[in-house]
Structures are given as structure tokens and as C-alpha cells.
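Hi everyone, thanks for making time. I'd like to walk you through a few spots in one model, so please have the viewer open.

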Amino acid sequence: MAVIPSTDVIPRSIATRNLDEPERTSGRHSLHARHSEERSDEESQRKYASNTSHKPITAIFATITVTLCAILTACAPPRPNHPVIGAKNFTEQVVLGELLAQEIEAKSNLQVERRFYLAGSYICQQAMVAGRIDGYVEYTGTALTAILKQPLDRDPQRVLDTVRRLYASRYNITVAPPLGFENTFAMVIRGDDARRLHLAAFSQAAPYTPQWRLGVGYEFEQRPDGLPGLSATYGLKFAGSPRTMDLGLLYRALNAGQVDMIAGNSTDGPIQAFGLTVLQDDKHYFPPYQAVPLVREEALRRWPQIQTALDALAGRITADDMRTMNQAVDGQHRDPAEVVREFRKKKGL
């Protein structure tokens, strides 16, 4: 799927949650402790130096080495004793992150920490490499172009194979079997406009775009599989620069007439709920976007139960399943954890 899917209305209680606050708080505590340890080390060194002018130089070097090791150890990021699952900052990602977390907990005695509403693919990737999260769900086309910087490829299996190989060799990250659905970018317009102008495909809409305002998420405007290539493929020109906004605001802006087209995603719940129209990508510009869990190899070695959960989820989610869950959260304002529990029960997970 496109990296930047969107939601309609994230419930206020969810949207305003600052789930990173515990990290920042613990970060402050660890920084204070680190400073205390460093001050203690410096005082010890000064006292030791004043009394060691007669001692062998090797003893001094040994003390310095031990002190440096202590400082470096204190500066290393803490490793939690439980898996941490991340998610990007839109409804589908929160649902999928909760699905991974619940399935891991169900297949083990592990307590999973949720670290959701990360800003996007780049932030999730940095968090994975730094060990701040152990896994999240990505989309193969996004991984290929935005993270791995590979040329566009429209063959689903070849894209999956490339993504698996490069994540393993570059980052020691395992790409698990696909969850079963694809979420591609969707160029969405109001249903009334589609009917009035008789528009079904993007090529048909292209002549109207000079009078239209475009709304996009922050990544889509610059991504290699985003707006620049799409505009070149279809010869697009819009009325002014694209309006960039949080993904949760795109559908509001479209319904309010603030924009005339948005870059959403094919599994977004509001599309059906609001009677919107997804324009067909008739020139097949977008690459495949299979949903795949990414997990750090170190986490799989530490908690092999994660692999059991990933295997249980392989191929179990259809695009209709995903749209239904997205709409339950966006349209009905239900708790994502409750929606996921119902889905897992229905699927016998």
C-alpha cells in the first residue's frame, strides 16, 4: 500500500494520545542517571589520579579503559524485556499493529508494548534500526521505493523477493509472509464530481486537474512512487501547490470542498462510507503494495514465539476485511483493540 494511507476521523481519544511520552519520560530518567554516573566516574578518576602518581602507567590505562566502558554502557539504549510493536499514524496501521500485538500475546506468555502513531515509514524504519521497535507492518511497494531506494517494479513476487533480500542483507530485518491484502494508493474524488463528469479512470480525470486542488499526505509529495512520477505519467497539473496535511484530515478536506482530489488508499473506510470514487490507475503507474510484517532478526531469536504469530496471520486478511475494520474505527469510532479482538475471533485466531 502506499505509505501514506489516510483515515477519515480518528477518534479524539486516540488522535490526542501521546504514546511516545513514556519513552521521553524514561529517556529523561536515563539521561539523568547517565549524567550522575558520569559525574561519579569523573570524581572517582580525580581522586584516583591524585593518589596514583607512583603507580604503573598500565594501571592508569586500565582504569581509564574501565571508566570509558562504563560510560559507553550507560549511554547504550535500554533493551526492554518484551517485544515492542510499532505502527504509523493512520487507522489501518494502528489496526494492524494491534493485530500483531494481540496475536503475539495470544501465542505466547509475552506482554507486548504498543508504540503507535509514529509519523511514517521513515520514522518506523529508523526506530527499527535503532531497536526502539521490534516490528511493524509495511507495504512492499513503499519498502521498495521509499526505504530501499530501488526502481519501480510492478511484478508483485519480484518486488517481494527484492524487499526480503535487501532488508535481510542491509538491516537484519525479516520480511514475514504477506498478510493477504494489498493497499495501493488511491486517487479519490467526490462521488458527485465523478458522476457529473463521467469519470472512472485517472486518464479521464487528467484534463480537469488544472482546475482542481490536490490534497496529499506529507510523504506522497516527494516519494519516488508518489506525486512526481504520477504527474509525469498522466501529464497532471493542479491549481496551485498540493495541500499537505495529516492523513486523518484528507477525507474531511475533500468532503468540505477544500480540495478536489486526495491521495488516499484503496482500503480506506471513508471511501465507501462517504460515497467517494477511486479513479482507476489505467496506466498501471503504482507498484504492488502487499501488506507484510517486518521484524528484527534479533527479536525473532530472542522471542521465537513471534514467528508462530506471524505464521498464523499469513494470508488471513482480505481487502474487504481491512476496509471493514478501518470503517469500524473511522466511521463508528470504535476502539481498535476491540475491533481486532472481534476479527481474530471471527477468523478463529
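Let's begin with a helix pair: H4 and H14 are oblique to each other. Keep in mind that this is a predicted model. The angle between helix H4, residues 91–106, and helix H14, residues 305–313, is about 120 degrees, and their axes lie 8 Å apart. The crossing of H4 past H14 is right-handed. On the H4 side, the contact is formed by Leu99, Leu100, Glu103 and Ile104, while H14 brings Ile306, Ala309, Leu310, Ala312 and Leu313. By type, that contact between H4 and H14 has 8 nonpolar residues, no polar ones and 1 charged.

Next, please look at helix H6, residues 140–147. How many of its residues are buried? The count is 8 of 8, so the helix is mostly covered, with under 20% relative accessible area as the cut-off for buried. After H6 comes lysine 149, with a positive phi near 60 degrees.

You'll find aspartate 225 in the loop between strand E6 and helix H10. Is this aspartate buried or exposed? Aspartate 225 is buried, at a relative accessible area of 0%. Its side chain has a polar contact of 3.2 Å with the side chain of threonine 145, and another, of 2.7 Å, with the side chain of tyrosine 289. Among the other residues that aspartate 225 touches are Gly141, Leu152, Phe185 and Pro287.

That's my tour, and I'm happy to take questions.

Definitions and conventions: Residues numbered from 1 in each chain as written. Predicted model: local features only at pLDDT ≥ 70, side-chain atom pairs only at ≥ 80, totals over all residues. Heavy atoms only, no water. Helix = DSSP H or I, 4+ residues; strand = E, 2+ residues; numbered from the N terminus. Buried < 20%, exposed > 50% of the residue type's maximum accessible area, 1.4 Å probe, protein only. Polar contact = N/O pair within 3.5 Å; in protein donor to acceptor, adjacent residues only side chain to side chain. Contact = heavy atoms within 4.5 Å. Axes fitted to C-alpha atoms, helices over the stretch in contact; angles between N-to-C directions. Parallel < 35°, antiparallel > 145°, perpendicular 65-115°, else oblique. Left-handed = near helix turned anticlockwise from the far one by under 90°. Nonpolar A, V, L, I, M, F, W, Y, C, P; charged D, E, K, R; others polar. Lists of a residue's contacts leave out its neighbours within four places in sequence.
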